[in-house]
Amino acid sequence: MAAKRRPTQADVARLARTSRQTVSLVVRDDPRVAAQTRERVLTAMHELDYRPNIAARALAARNSRFIGIILVDITNPFYADLCDALRSRCEERGLIPLVAISGRHRDSCIVCTERLIHMGIEGLAMVSPPLGTEDLDRIGSQIPTVLLTHNSGPGSVDLVHTDDEAGARLATRHLLENGFEPVVHLGYDRAVPGDSAGARRRGFLAEARRAGAEPLSVDLMTTTIEDAVRGLLRTHGPGIGFCCHNDLVALEVMRVLADRGRPGGHDHGITGFDNSRIASHPAISLTSIDQRTADLADDAVGLLGERIGGRAEQVDRVCAPTLVRRDSSRPRGTAAAGAPPRVDNLS
């Protein structure tokens with residue numbers, strides 16, 4: 001059985017005994033249409049179950065209220081939490097969020113961006129896009145744009161991020177003070193301007209050197225988390241502190257250690273970065289750096305509104321991170337206390 005054809009404005013016009021142009025004016029709620037004609041058109045739309053093409057209306061009206069949100073990944077719990085916060089803030093302001101998952105390759109991210117722009121979005125929020133300065137400047141010159149979790153970018157885009165170096169310093173100091181040695185950074189050496197990975201690694205190195213510890217860093221672009229953890233265990237034995245780039249890395253470290261009968265918080269200390277919702281689950285109890293997801297979303301949507309309103313100069317909004325202590329990094333040699341999490345900031 002053939003699918004039922006979707007009714008068009010021409011179908012509505014025939015039934016309402018008017019022109020397609022008049023139907024278009026009614027769809028746009030144009031006051032120039034006479035009341036009787038408007039009523040006939042609305043009745044015909046109802047009888048035909050006609051639904052306006054909101055993307056086409058957006059292109060014509062140039063005030064769609066659409067906000068594009070581009071994520072590289074939705075499996076990372078932090079991205080999922082941030083996306084939900086952005087969606088909520090958009091809806092509170094009467095904006096319509098359109099979410100796209102681009103993957104981690106430049107070309108696919110560019111395609112996602114172009115599709116959203118062609119749909120008539122008014123603003124764009126990009127979370128950790130794998131794009132260089134030239135690409136970002138071209139996008140920001142076309143559409144009001146805010147980058148989240150990037151700490152640098154061209155003047156045509158706004159920036160909203162945590163202080164990644166300060167967060168990494170908090171996590172590193174915490175592991176060292178709790179008796180873990182050596183403390184190892186598990187992160188990524190990505191050649192993306194403004195990427196958080198470089199800032200977090202710099203923060204780790206600075207704090208380790210300040211404490212007189214020998215910095216040890218593993219680039220997860222060149223090895224798997226499982227191979228990295230197993231190699232470190234063979235070389236150093238118990239007592240390692242794992243300072244992880246994000247909660248997703250930390251969760252995988254916890255899995256590898258559990259498979260070997262050495263769960264985090266017993267022989268080893270583990271910190272994540274993001275304080276995603278899963279980190280607080282009692283079965284996980286992961287110490288993590290809180291990026292203040294709700295504040296990031298508030299700032300991003302607010303700055304987009306200002307850009308849409310005509311502001312041209314760049315705003316760089318930085319949130320101060322805090323450390324949320326849980327069982328995965330309790331002082332070495334102590335038993336699980338079951339106490340509520342404690343929050344620290346960098347002083």
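Tutor: The chain exposes about 16,500 Å², of which carbon and sulfur atoms supply 50%; accessible areas are computed by the Shrake-Rupley method with a 1.4 Å probe, and for residues only the protein chains shown count as cover. The model is predicted, so that local features need pLDDT of at least 70 and side-chain atom pairs count only at pLDDT 80 or more, while totals for chains, interfaces and linings use all residues. Residues are numbered from 1 along each chain as its sequence is written, and side-chain values use heavy atoms, with hydrogens and water left out.

Of the 347 residues, 51% count as buried, a term that means under 20% relative accessible area, as against over 50% for exposed and in between for partly exposed (1.4 Å probe, protein chains only). The chain holds 12 helices and 13 strands; these are DSSP runs numbered from the N terminus, helices being H or I of at least four residues and strands E of at least two. Its radius of gyration is 25 Å, well over the 20 Å that the globule rule gives for 347 residues, so the chain is more spread out than a compact globule. That radius is taken over C-alpha atoms, and the rule is 2.2 Å times the number of residues to the power 0.38. Along its principal axes, the C-alpha trace spans about 85 × 50 × 35 Å.

An α-helix has 3.6 residues a turn, so residues three or four places apart point the same way.

Arg-17 follows α1 and has its place in the loop between α1 and α2. Its phi is near 60°, a positive value in a residue other than glycine. Most residues other than glycine have a negative phi, and most peptide bonds are trans. At 63% relative accessibility, Arg-17 counts as exposed.

Asp-274 lies in strand β9 (residues 269-274) and is buried, with a relative accessible area of 2%.
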